[in-house]
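The stops below can be selected one after another.

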Amino acid sequence: METPDKKKKKKRKYTQRKRTPEEDKAFRAEQARKGRLRWKKHYEQKKAEELQKVAKESNLSRYKEVKREVTYKQTPPQWRFSEAIRGGARVVLFLGGIRAGKTYAGAREALKQVYKYNRLPNLGWIVSPTYPMSQVPERMFKSHAGDLVAKHMKGERCFLMVPPKSMPNHYYRVEVKSAEEPDRLRGPSLGWIWIDEGAMISKECWDILIGRVLDSKGIIFITTTPRGRNWLYEDVYLRSHKDENYVCIQAPTSENPYLDQQEIQNLRSRYSGEFAKQELDAEFMSYEGLVYKDYKPMFHQADRTEIPENALVICGVDFGYNDPFVCLWLAKWDGIWHLVDEHYQSGKTLDYHIQVIKDNPLAKRVVKYWGDPSAAQQRADMRSAGIQIYPAIRVHDKSSRKSINTGIQEVTRWLNRRAGNGDPMLQIWKNCINTHTEFMQYRYREMTNKNAGENPVDDSNHAMDALRYALSSEAKLSGDFRPRYQDDSGEVKILTSKEKNNKYLNEYFAEMDKKRPRQTGSMFPEWLGE
Ligand SMILES: Nc1ncnc2c1ncn2[C@@H]1O[C@H](COP(=O)(O)OP(=O)(O)O)[C@@H](O)[C@H]1O
Ligand SMILES: [Mg+2]
């Protein structure tokens with residue numbers, strides 16, 4: 001039995017041991033040391049944890065890397081370009097010479113749109129005039145974006161971008177488009193559009209594209225070399241002088257310090273006069289000296305239609321490696337020539353071009369190919385690959401030993417002929433963008449020496465040559481060829497240069513006489529002959 005007494009007895013009694021002052025001091029010191037050790041351990045642990053945490057975070061989100069990557073070292077014009085975009089302009093035109101760094105800057109600004117400006121809606125486009133041309137900016141964008149591309153859907157030509165840290169579920173789409181068919185560019189609004197080589201797309205495409213960013217308060221930036229005074233000159237360049245939402249930056253090739261001088265020299269030697277101004281100094285050329293003045297884009301361009309069964313299909317071929325290789329598909333029905341398709345590409349082997357020609361949907365219907373008469377080797381190679389190619393027929397007239405002028409006359413004649421309903425009898429389908437561009441800028445050499453004005457310059461004449469080969473050879477074959485200075489009504493007769501002069505002057509004065517009867521004592525009585 002336990003009694004409260006017993007319990008009390010069992011209770012232990014503690015007696016505090018008295019420490020001497022020295023002992024007490026040592027004891028306290030020991031306690032303090034242990035405490036410090038504990039804290040030290042705690043801090044070390046915390047530090048280690050923090051280190052781990054940072055590493056983990058930067059693995060999850062590439063935002064920090066992104067910030068580092070979207071900026072790039074710019075040339076002075078590229079800096080002005082990116083400042084204009086940052087400053088809130090709606091349409092920014094980067095006019096650059098060849099190799100001035102246009103595509104380079106465009107790809108980087110496009111990536112900035114995604115990560116720096118977060119331009120909404122989260123869809124942006126990279127537009128090029130044709131499919132082959134669109135591969136350049138696509139490759140440039142892909143190599144620059146690197147890891148930031150979460151997924152590249154090659155079939156759709158679309159990039160899904162890694163979301164930034166601030167918006168983890170925000171997948172930005174960047175799509176690559178070519179502007180061959182305007183209707184494919186219609187759709188909902190876009191955050192931004194980058195057009196590479198924009199001067200080559202049609203006005204129709206431009207109007208559609210600008211409509212797609214204006215309602216979403218988006219931005220269009222164009223990187224291009226000028227191509228004659230087309231819509232780009234009027235709608236963007238001239239407008240940039242008075243509208244503050246439009247900005248134009250000009251970048252001559254020589255302002256790209258990343259090119260070596262030798263390369264610039266090589267480019268300089270390839271171009272002359274006005275062409276150098278356009279291709280290297282990025283200036284708009286005037287219309288003077290144009291070979292095909294009669295080519296009117298709005299009038300001669302036509303939409304795609306069905307090619308009838310009975311149409312005659314032929315091709316014109318101009319060879320080139322550094323210069324583009326060109327094959328044009330022409331179809332003639334109801335007496336009207338239609339330029340229905342083009343293949344225009346440089347830097348590829350002949351085998352590649354042969355494959356492209358054979359793969360063309362019209363390949364089975366082509367009756368004959370007319371090739372450059374001076375390129376015997378290439379023609380032989382194509383023949384052995386099973387392509388029926390013939391040397392284009394050279395047609396000389398008496399006054400000039402060169403056949404090029406007669407060929408140009410023939411093309412001009414087709415440009416000027418009208419069908420019964422007023423349609424042009426040479427129609428260029430809208431998908432033939434490169435031919436269109438060459439029509440706009442094929443020009444005569446400048447009048448530096450006596451005879452220079454007679455011959456066109458050697459640039460931008462590739463599609464023009466192919467077209468000339470095909471049309472003049474066909475005309476010669478069908479007996480429908482008229483020598484120089486012969487109009488549609490006149491009988492076929494080759495004129496001497498004196499007769500030509502007289503004919504011209506007679507016509508000229510007859511024309512003037514209609515307006516105002518000639519005074520007696522003309523200025524050139526002896527020229528009038530009879
Ligand atoms: N800011 C830059 N930094 C480094 N290299 C550059 C820069 N800008 C242009 N380049 C170089 O200049 C060359 C021409 O650029 P590119 O954009 O292809 O010319 P283009 O104007 O013909 O599109 C490329 O090889 C590119 O690497
Ligand atoms: Mg380029």
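Which of the 16 residues around ligand 1 come nearest? Select Gly 101, Lys 102, Thr 103, Tyr 104 and Tyr 258; a residue counts as near a molecule or strand if its C-beta atom, placed from the backbone, lies within 6 Å of it. This is a predicted model, in which local features need pLDDT of at least 70 and side-chain atom pairs count only at pLDDT 80 or more, while totals for chains, interfaces and linings use all residues. Residues are numbered from 1 along each chain as its sequence is written, and chains are lettered from A and ligands numbered from 1 in the order in which they are written.

Stay at the ligand and colour the shell by residue class. Six of its residues are nonpolar, seven polar and three charged (Ala, Val, Leu, Ile, Met, Phe, Trp, Tyr, Cys and Pro count as nonpolar, Asp, Glu, Lys and Arg as charged, and the others, Gly among them, as polar). Helix α5, residues 102-115, gives the most to this shell, with three residues. Helices (H or I, at least four residues) and strands (E, at least two) are DSSP runs, numbered from the N terminus.

Next, look at the loops on either side of α5. In the loop between β1 (91-96) and α5 lies Arg 99, which has a positive phi of about 60° although it is not a glycine. The loop between α5 and β2 (123-128) holds Pro 121, and the peptide bond from Leu 120 to Pro 121 is cis, with omega near 0°. Most residues other than glycine have a negative phi, and most peptide bonds are trans.

Now select the open sheet of seven strands, ordered β9-β15-β12-β11-β10-β13-β14, with mixed pairing (two strands pair if DSSP finds at least two bridges between them). β9 (301-302) and β14 (389-391) are at the edges with a single partner strand each, so one side of each has no neighbour in the sheet. β9 runs parallel to β15 (residues 426-429), joined by two bridges. Here Ala 302 stands opposite Trp 429 in β15.

Move to helices α14 (residues 404-416) and α16 (residues 462-477), which pack at an angle of about 85° with their axes 9 Å apart. Axes are lines fitted to C-alpha atoms, for helices over the stretch in contact, and angles run from 0 to 180 degrees between N-to-C directions.

Finally, colour by pLDDT, the predictor's confidence in each residue, from 0 to 100. The protein averages 81, and 80% of the residues score at least 70.
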